[in-house]
Amino acid sequence: MTSEALENLLHEERHFEPSAEFAAQANGTAALYDAAAADRLAFWDTQARELISWDAPWSEVLDWTNAPFAQWFVDGTLNVAYNCVDRHVEAGYGDQVAIYWEGEPEGESRAITYADLQAEVNQAAHALESLGVRHGDRVAIYLPMIPEAAVAMLACARIGAVHSVVFGGFSSEALRSRIEDAEASVVITSDGGYRRGKASALKPAVDDALDAGAESVRHVLVVRRTGQDVAWVEGRDLWWHEVVGQQSTEHTYTAHDSEHPLFILYTSGTTGKPKGIKHTTGGYLTQCAYTHRNVFDLKPDTDVYWCTADVGWVTGHSYIVYGPLANRATQVMYEGTPDTPHKGRLWEIVQKYGVTIFYTAPTLIRTMMKWGADIPAGYDLSSLRLLGSVGEPINPEAWMWYREHVGHNSCPIVDTWWQTETGAIMISPLPGVTSTKPGSAQRPLPGISADVVDDLAQSVPDGGGGYLVLTEPWPAMLRTIWGDDQRFVETYWSRFEGLYFAGDGAKKDEDGDIWLLGRVDDVMNVSGHRISTTEVESALVSHPIVAEAAVVGASDEMTGQGIVAFVILRGDAHEGADTVKELRDHVAKEIGPIAKPRQIMIVAELPKTRSGKIMRRLLRDVAENREVGDVTTLADSSVMDLIKTGLSGDGD
């Protein structure tokens, strides 16, 4: 980045120290940083021994001789399901609630204890074995946010099958490609789920996927959720309640090698063959448990934890299923959308269960800003003691709104950076130690080594910007891309020799804290100046009338790229004749004239996937007057029609 551009990058003078009361009881202390700095591998050895139960010890903490192919806790054996369920029951916690499940239809809920979960996982493990699933076989899971999703994942882990969870909002074609790449032998799905107040179908997508290929599949196990009529293939399709329900609740687990594959998770891409990220067992579970315990300061005897993600994404894998259950958390799982049947639904659930730890995405926080602060104000949120953010960089103003209107100005906020590929949180405040800073993920966690480097792989000084890299292997790291080692090396390890390149731009502020700037392909080149879309979005959201903004770079004959912004106003704001000019001038004031958007469009909604991710490639299509690409993964595809018909006029 040019020095001129860097002078105007994100800067924040507001700091929030942890309270003395919080720091005194925090799991994560400064001693963790000291121990990790003194001997990183000894540090991870300690975490693995203290947090995880092993059937056989390891001979070596890390084998990096065949870099970048890692082996962690070499020769150690363990069982993930035992660690997440059985050992808690054995220790006398069988009556503790593991999952408070809340359906979207109001009044539909379940409280599942660890003893209940053990029985259901054991039955599902027997059921999979009865269908011929063996150690190393792949099982595709295509389910809504119902308890059976976690049960299916844990049952696979128990018997050593490799699960591939596909987000329930993906199309039949996306499902087919993932089933085929993994060569799954069984698909676990449901007749449907509830979304925005009505039943939606899932099994038809499975039928379409199997009709189009996916010949490896022998059986489809179907959970009855909505009672919809479904097509049925005799001999292939089986009801979950009939097959699983008749099994024994006792099951003897098998210990698996630390490097045995636990799951494949496909990263979303716009083109090309699906990219199956392969995660293994021992290192992954160790880092999930460690980060969940320390970043969220979990107290298993008193906390009620809630991560609002879907199990179809890595956040759901690591911070709904494996991390929390390994730590004996009591947690909430919610099936539906945040605004069904009303915009206070999430806060109603926080109030109902006395949620103490809340982990969600900046997109949802900004949406709630748009809805207005009066909505959370209508509920008792006093139980909350820690807030988290995940999925993308969070704007400082959204961070402050979250702190004030959800966290009653007292909850530490952990802004976490990590990826499907990293498996677990890598950069985050440690809530009992870190003086938090709105908008910054701040520092690598103890045991993690990250840096920001320039084009020559040299570490940039404080105040400098460049590329976020990981400089040392970490336990939860992806081991490869399923079936394609060469693509793994080329994708992640070829940009900078010996360094993992995350694909994200970042800067260090004057304190050395890290600010994430989004994907490097979201860094625009305007007249030779590299400007982050996140930077412009943050400037727009800092204006009092703006609730949410998405920025893209569009081809421009004069400047190389022009900045095009799509803006949602806050609920009480109204668009006037000078609104666009006011916002363009505001960006120029906040960042500099070079960052003034070429166009700003006021819109009612932004194109988002069901997980809340803004599909900027679709906005880029609109900005460049191209035919809009595939909209099948959007929660509401009609949003693009509204945007296309409304786009008009350039700025001044």
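Which residues does Val332 touch, not counting residues up to four places away in sequence?

## Around Val332

The list runs Tyr100, Val304, Tyr305, Trp306, Ile349, Tyr353 and Val355, where a contact means heavy atoms within 4.5 Å. Val332 itself sits in strand E17, residues 331–334. Strands here are DSSP runs of E with at least two residues, helices are runs of H or I with at least four, and both are numbered from the N terminus. Val332 counts as buried because its relative accessibility is 1%; buried means under 20% relative accessible area, exposed over 50%, and partly exposed in between, with a 1.4 Å probe and protein chains only. Ala98 is 234 residues away from Val332 along the chain, yet their C-alpha atoms are separated by 8.5 Å.

A word on what we're looking at: this is a predicted model, where local features need pLDDT of at least 70, side-chain atom pairs count only at pLDDT 80 or more, and totals for chains, interfaces and linings use all residues. Residues are numbered from 1 along each chain as its sequence is written, and side-chain values use heavy atoms, with hydrogens and water left out.

## The chain as a whole

With 652 residues, a compact globule would have a radius of gyration near 26 Å, and the chain's 24 Å agrees with that. The radius is taken over C-alpha atoms, and the globule rule is 2.2 Å times the number of residues to the power 0.38. Along the principal axes, the C-alpha trace spans about 70 × 60 × 50 Å.

Of the 652 residues, 63% count as buried. Take the contacts with a separation of 6 or more: residues 24 or more positions apart account for 71% of them. As for the surface, the chain exposes about 23500 Å², with carbon and sulfur atoms supplying 46% of it; these areas come from the Shrake-Rupley method with a 1.4 Å probe, and for residues only the protein chains shown count as cover.

Most residues other than glycine have a negative phi, and most peptide bonds are trans. Here are some exceptions. The bond from Ala67 to Pro68 is cis, with omega near 10°, and Pro68 lies in the loop between strand E1 (60–63) and strand E2 (71–74). Another cis bond runs from Thr340 to Pro341, with omega near 0°; Pro341 is in the loop between E17 and helix H13 (345–353).

On the phi side, Phe73 has a positive value of about 55° although it is not a glycine. Phe73 belongs to strand E2 and counts as buried, at 0% relative accessibility. Arg328 also shows a positive phi, near 60°. Arg328 lies in the loop between helix H12 (314–326) and E17, and is buried too, with a relative accessible area of 9%.

The structure holds two cavities of 30 Å³ or more. A cavity is a set of points, on a 1 Å grid over the protein atoms alone, where a 1.4 Å probe fits but cannot get out; lining residues have an atom within 4 Å of a point. Points are joined across faces, edges and corners, and a volume is the space filled by probe spheres set on the points.

The second largest cavity has a volume of about 40 Å³. Its lining includes Val80, Cys156, His256, His260 and Thr281. Helix H7 (147–159) and strand E14 (261–267) are the elements that give two or more residues to this lining. By type, the lining residues divide into six nonpolar, four polar and no charged, with Ala, Val, Leu, Ile, Met, Phe, Trp, Tyr, Cys and Pro counted as nonpolar, Asp, Glu, Lys and Arg as charged, and the others, Gly among them, as polar.

Notes
1 Å grid on protein atoms, 1.4 Å probe; cavity = no way out; pocket = protein on both sides within 12 Å on 5 of 7 lines; lining within 4 Å.
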